[in-house]
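Below are my notes on the pocket and the ligand, as numbered points.

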Amino acid sequence: MLRVSYTDAAGIIPDSVRTQYMERQRRVLDQVRGGMAEYADSLGWLDPDTWGGSTVQAELTELAAEVRGGADVFVLTGVGGSNNAARAVITALAPDSVPAVCYAGNTLCAYELERLQKTLGSASFYVNVIAKNFETLEPGSAFRVLRSLLYKAYGSGAAARIICTGTPESQLHRLCLEHGWRFLPFPPDIGGRYSAVSPVGLFPMAAAGIDIAQLVQGARGMRRRLFSLDAQENPAYQYACTRNLLYQAGYAIELLSFFEPRLCNFSRWWIQLFAESEGKQGRGVFPSSAQYSEDLHSVGQFVQDGSRLIYETFVEVRNGGASCRIPADGVDDRFNYLDGRDFADINACAFDAVYQAHARILPCFKFSVDTLDAYTFGELFYFCEFACVLSSLLLGVNPFDQPGVEAYKQYLFSALGK
Ligand code: PA5
């Protein structure tokens, strides 16, 4: 079960201030739990059963079984909210899945696309294109490259290998009907970054062999907790309120720090969620991440000793489920104090040491889970989404739009002659 704690040894936000703020703002929690009429068209994620219930799971699992039976490679094609959640889970839980998962539609880099084409070579592959509005340049352009490969290899049989996740009745849906491509609904009432527990995130996860029923179960469990706990005990509300108080106190950067490199794409999901939801109208905490222990040898210096702008959120995995012992080989290399120690134990020691050192200076949250599994990801997704909405409302911004990403597109589309 996900546990969330907070340490503020330096007393940046006195407990009494936190308590009063949480009391004063509790209508925001009521507002989110009550279903926020003004954002009703963006709340399809609030109940995981709306777009991830057992009927949806059964359909996705059946289609995924077909893909798993016929593909060496599954190409997940999407960007931002359209691929981040699935990529986070697949990277962490199924890095060596069969079929192998490749990513496309998240870059405009010719080098990467050339490499992908070489990887696909003579492999049997399926493509899942995920696009809510099907105007985004990266997935739209990559889809052309991929489907031309498919049609070259399979002729009319290519259509069955193309699965599009798009808005019902959109241009993409029409193309599916015209060309016989498979179609999954991108929920009209969910924006990309809130779409983990819907066909958007669940189908590619299922194609990679993830237990999506467990993931939805984790999200459900978290929903139950966040809907039943009172404001002062509610971890998502505590997190949202505290990060707003920290922001007001000048702590404008949040660092999500983790000691399991396989969480790197989870951190990217988290960054997108908070950056696009909160960073608007000249406001918002800048979300960033650090992969320890490697980054202790780079940004670690700044975190411990640099400008006081950063607070940190550690992700603790108590049992990483792996073991690698350091052999005692009799060579006096001055690492003999590690003879026979397990990296799992050394990494845990590093976690505790870093947490202790940083928490002495900085406000620190801890997201702690016993293991990394599908259930845990369901909890994490739901917790972060719920907390992000609370936090955005406390900040006074709309959690569901992203007007800032339009500016560069005008220049880009004009440069490309759109
Ligand atoms: O969270 C969001 O809404 C965005 O990050 C989108 O997911 C992203 O821009 C991709 O959009 P689309 O699926 O329309 O290509």
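1. For residue classes, Ala, Val, Leu, Ile, Met, Phe, Trp, Tyr, Cys and Pro count as nonpolar, Asp, Glu, Lys and Arg as charged, and the others, Gly among them, as polar. On that scheme the lining of the largest pocket holds 14 nonpolar, 14 polar and 10 charged residues.

2. The model is predicted: local features need pLDDT of at least 70 and side-chain atom pairs pLDDT 80 or more, whereas totals for chains, interfaces and linings use all residues. Residues are numbered from 1 along each chain as its sequence is written, and side-chain values use heavy atoms, without hydrogens and water.

3. The largest pocket is lined by 38 residues, and Val79, Gly81, Gln272, Glu276 and Gln402 lie nearest its centre. (A pocket is an open set of points on a 1 Å grid over the protein atoms alone, where a 1.4 Å probe fits, with protein on both sides within 12 Å along at least five of seven lines; lining residues have an atom within 4 Å of a point.)

4. The ligand sits in the largest pocket, meaning that more than half of its atoms lie within 2 Å of the pocket's grid points. The shell around the ligand (residues with a heavy atom within 4 Å) divides into 2 nonpolar, 7 polar and 3 charged residues. Among them are Lys132, Asn133 and Thr136.

5. A polar backbone atom of Arg193 is 2.9 Å from a ligand oxygen.

Notes: A polar contact is a pair of N or O atoms within 3.5 Å; within protein, one must be able to donate a hydrogen and the other to accept it, and residues adjacent in sequence count only if both atoms are side-chain atoms.
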